[in-house]
Amino acid sequence: MRVSFPASLHFRTLIDLSYPLDFHFPIFPGQEPVGQVSLRVTKEDGYASNRWDMPEHWGTHLDAPLHYSKGGKTVADIALSELFCPLAVINITNRAATDPDTEVSLEDILSWEREHGLIPEKCVVIMYSGWGKWVYNPQFYNKKEDGLLHFPGFSVEAVQFLINAREISGIGVDTLSIDRGKSQDYPVHKTLFAAGKWALECLHNVQDLPPAGAWILVGPIPLKGATGFPARVFGLIP
């Protein structure tokens, strides 16, 4: 597939928004463990190949609509033009520092627009909560005595607005889930994916992105039938 974009697009800085993966990287509870068949040297000349056994939703990864929408798009069905998009970053770090259950609200979106203008069509809207600093710490899960996880996410109201009034391509978070951690029924997942949009979870280096003006490039393997897959994600800054 070939996609054309305006010649006016020029970028000077490239930011890697993906974490390197290893067996210690956190994974959302309830998924199968990550495994690897040991390195195999199959020829005397040193040819080597690993075989990996891993869940789709691990590390910095893309959630396709099929993840929570029967009959929704798989990873391979998402058009290339939907994976290179303008970017908006919503900073909720101050609230998240004292309230781990906070959400990106509709007012956060409107406040961003008062400063930067309307969120562009086909935009990807990212939550910056600062939660990445806990990625290899139990605080990343933040499981409390109630048995629930406690970390920030998007509100359903904000996502409904972004879908219906702004026609976004997707959303992203620097946490384990686009729904806040204590959610039990995942309404943001269900709302977003029913609308045919996609999501990114466990984004890295979000603090290096400007609130407006950057673009995002998402590179998942276009695996047919996949409900999600680890991805290399790049932020491009003019």
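## The cavity

The largest cavity is lined by Pro26, Ile27, Phe28, Gln31, His57, Trp58, Gly59, His61, Leu176 and Cys202, where a cavity is a set of points on a 1 Å grid over the protein atoms alone at which a 1.4 Å probe fits but cannot get out, and a lining residue has an atom within 4 Å of a point. By class, this lining has six nonpolar, four polar and no charged residues; Ala, Val, Leu, Ile, Met, Phe, Trp, Tyr, Cys and Pro count as nonpolar, Asp, Glu, Lys and Arg as charged, and the others, Gly among them, as polar.

The largest cavity holds about 40 Å³ of space, a volume being the space filled by probe spheres set on the grid points, which are joined across faces, edges and corners. A search of the whole structure finds one cavity of 30 Å³ or more.

## About the model

This is a predicted model, in which local features need pLDDT of at least 70 and side-chain atom pairs count only at pLDDT 80 or more, while totals for chains, interfaces and linings use all residues. Residues are numbered from 1 along each chain as its sequence is written, and side-chain values use heavy atoms, with hydrogens and water left out.

## The pocket

The largest pocket (an open set of points with protein on both sides within 12 Å along at least five of seven lines) has a volume of about 180 Å³. Its lining consists of 13 residues, of which Phe28, Gln31, His67, His189 and Glu201 lie nearest the centre of the pocket, and the lining divides into five nonpolar, six polar and two charged residues.

## Packing of the helices

Helix 3 (residues 156-164) and helix 4 (residues 187-194) pack at an angle of about 10 degrees with their axes 9 Å apart, the axes being lines fitted to C-alpha atoms over the stretch in contact and the angles running from 0 to 180 degrees between N-to-C directions. Helix 3 is therefore roughly parallel to helix 4, a description used for angles under 35 degrees, whereas over 145 counts as roughly antiparallel, 65 to 115 as roughly perpendicular and the rest as oblique. Val156, Val159, Gln160 and Ile163 of helix 3 make the contact with Pro187, Val188, Thr191 and Leu192 of helix 4, contact meaning heavy atoms within 4.5 Å.

The axes of helix 2 (residues 106-116) and helix 3 come within 7 Å and cross at roughly 50 degrees, which means that helix 2 is oblique to helix 3. Helices are DSSP runs of H or I with at least four residues, strands are runs of E with at least two, and both are numbered from the N terminus.
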